[in-house]
Amino acid sequence: MRMSLQAFAGISLGINSLSAKALKANAFNGYLGTNPKLNWDAFLSQIIALAKVQNTKLWKEAEYLAAVKNILLQCNFPEFENVKFAMDNYKNNRPDLFEHTLLHTEIDFQVSLFQFEKGEYISHHDHPEMCGVINVISGEMDISNYSFDKNVGEKVEYKNGDTSYYMQPCILKKQKNEILKAGEVSILTSTDSNIHEVMPNSFAQLVDIFTPAYNSKNEKGTKWFYVKEKNYLEESDKLLTEYFVA
Ligand SMILES: [Fe+2]
């Protein structure tokens, strides 16, 4: 018998204790809002049900991402009390760096709010064995996605005073470039377009959902790619860059 991801998720929905605790806490803190069909907890419950399938044979990442995208498109995040609170209390605490608020996390997934001042951005990085959906809430963002192509040459030693470090040159292949406005969504999968660069054009906000959540393994495995302008190979949509190696 074939069963869709959503059907399976619906049947197997047994919110784990962490999730149940989070939902209870949300209710206590007044996060439920006025629309019971799509308040914060209803939103969270849907993602919990979908994300828990990731460790079963029924997992289909593309279906999951499409379902999450569909849920995100129905959300008006500033109407959720906890998101509104984070937005209302926004302070630009880190000059030249975005502000990050973790809205919810559990093993299966995490939901974050990012707020950028004009000129702040997130440079090229990957998300090992994770997939993500990014929903622009305000402003406009130029998001480029890449896939890892290959390492090129040997690692290079750089000296910094008495210490040295090594960088591995590699090529990234550009997969897509999107200019996203408020309400629009960008997707990256665990195998395709997993590397991205996020460049807001002005003050901007986004909510993203990453599956699974960050943990010690994927945090340690994350690569940040350093690009030199002269290394753009525009004619081939390939980008020569380098990342830290031990
Ligand atoms: Fe990212």
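1. Helices α3 and α4 are roughly antiparallel to each other, a term that applies to angles over 145 degrees, because the two pack at an angle of about 175°, with their axes 11 Å apart. Axes here are lines fitted to C-alpha atoms, for helices over the stretch in contact, and angles run from 0 to 180 degrees between N-to-C directions. The structure is a predicted model, in which local features need pLDDT of at least 70, side-chain atom pairs count only at pLDDT 80 or more, and totals for chains, interfaces and linings use all residues. Residues are numbered from 1 along each chain as its sequence is written.

2. Helix α3 covers residues 40-51 and helix α4 residues 61-74; on the α3 side the contact is made by Phe43, Gln46, Ile47 and Leu50, and on the α4 side by Tyr64, Ala67, Val68 and Ile71 (contact: C-beta atoms, placed from the backbone, within 7 Å).

3. An open sheet is formed by five strands in the order β1-β2-β10-β4-β8, with antiparallel pairing, where two strands pair if DSSP finds at least two bridges between them. Its edge strands are β1 (99-106) and β8, each of which pairs on one side only.

4. Strand β8 (residues 185-188) has Ser186 and Leu188 on a covered face, and Val185 and Ile187 on an uncovered one. Four bridges join β8 to the antiparallel strand β4 (residues 131-138): Ile134 stands opposite Ser186, and Asn135 has Val185 as its bridge partner.

5. Helix α5 (residues 81-88) lies across β1, β2 (109-116) and β10 (204-211), and runs at about 160° to β1.

Methods:
Buried ≥ 20, exposed ≤ 12 C-beta atoms within 10 Å, placed from the backbone. Parallel < 35°, antiparallel > 145°, perpendicular 65-115°, else oblique. Contact = placed C-beta atoms within 7 Å.
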